[in-house]
Amino acid sequence: MEDSLVSERMEIKSHKGIYSVEFDDACIERFAEWDIDTTHFIVDRKVAQLYPEQLQHVLGSSSVLLLDALEANKSLEKLPGYVEFLVDKRIRRNHTLVAIGGGIMQDITSFLAATMLRGVEWIFFPTTLLSQADSCIGSKSSINCHDTKNIIGTFNPPKQIFLSTNFLNSLEQKELKSGVGEMLKVHAIA
């Protein structure tokens, strides 16, 4: 039996215009087609370790910021280091930030995209069920400050979102349950 790939697209209307969500299990392979000279990748270190072959083109690019998906890393105190990294990599307004990971990578990348150079485009590859089902669509990001969680934030939608169910194969049961729980909550509210 042949594996079937999911490939669909939907448009989301936001306050900044329309952005697209593409359901495509082959989206990881597209990294080989990217202009990596104008792209800066912010990648969950665990995802990089789980998918080294699929992310080979990304991990081999000159601008990759590998981070652990920890609440402490999406803090106001950590942002200067991320800004310094991007400045050292010569980020420009016509460049793109690409987040690969779950909600923490999304928060960091979205916030940086909204504030660096008064705004640069960003793209999101959510790798957890929770981020695929919830956070990637809302376009909100938040950053922690000291002990206060999610106190600073923006509404900054990505230019595009690519969803691949292949990332879900490596999730632990508790991560899957968390995503399903969020979907059930949204459905019950609706």
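The largest nonpolar core of this predicted model comprises 26 residues, and those with the most contacts inside it are L67, Y82, L86, L97 and L112; a nonpolar core is here a set of buried Ala, Val, Leu, Ile, Met, Phe, Trp, Tyr and Cys residues joined through side-chain atoms within 4.5 Å, where buried denotes under 20% relative accessible area, exposed over 50%, and partly exposed the range in between (1.4 Å probe, protein chains only). Two or more residues each are given to this core by β2 (17-24), β4 (64-67), α3 (79-88), β5 (96-101), α4 (103-115), β6 (121-126) and β9 (160-163), with helices (H or I, at least four residues) and strands (E, at least two) taken as DSSP runs numbered from the N terminus. The largest share, six residues, comes from α4. In soluble globular proteins, nonpolar side chains tend to be buried together.

Beyond residues up to four places away in sequence, L67 touches I42, V43, D44, R45, Y82, M105 and I108, contact being defined by heavy atoms within 4.5 Å.

Residues are numbered from 1 along each chain as its sequence is written. Local features need pLDDT of at least 70 and side-chain atom pairs count only at pLDDT 80 or more, whereas totals for chains, interfaces and linings use all residues, and side-chain values use heavy atoms, with hydrogens and water left out.

T96, in strand β5, is buried, with a relative accessible area of 12%, and, its neighbours within four places in sequence being left aside, T96 is in contact with T38, T39, H40, E121, W122 and I123. N144 lies in strand β7 (residues 140-145) and is likewise buried, at a relative accessible area of 6%. The side chain of N144 reaches the backbone nitrogen of N150 at 2.7 Å, and N150 is also among the contacts of N144 outside four places in sequence, together with E71, K74, S75, L76, E77 and K149.

The second largest pocket holds about 170 Å³ of space and is lined by 15 residues, of which K16, N156, P157, P158 and K159 lie nearest its centre. On a 1 Å grid over the protein atoms alone, a pocket is an open set of points with protein on both sides within 12 Å along at least five of seven lines, and lining residues have an atom within 4 Å of a point. At least two lining residues are supplied by each of β2 and β6, and β2 gives the most, with three.

Terms used:
A polar contact is a pair of N or O atoms within 3.5 Å; within protein, one must be able to donate a hydrogen and the other to accept it, and residues adjacent in sequence count only if both atoms are side-chain atoms. On a 1 Å grid over the protein atoms alone, a cavity is a set of points where a 1.4 Å probe fits but cannot get out, and a pocket is an open set with protein on both sides within 12 Å along at least five of seven lines; lining residues have an atom within 4 Å of a point. Grid points are joined across faces, edges and corners, and a volume is the space filled by probe spheres set on the points.
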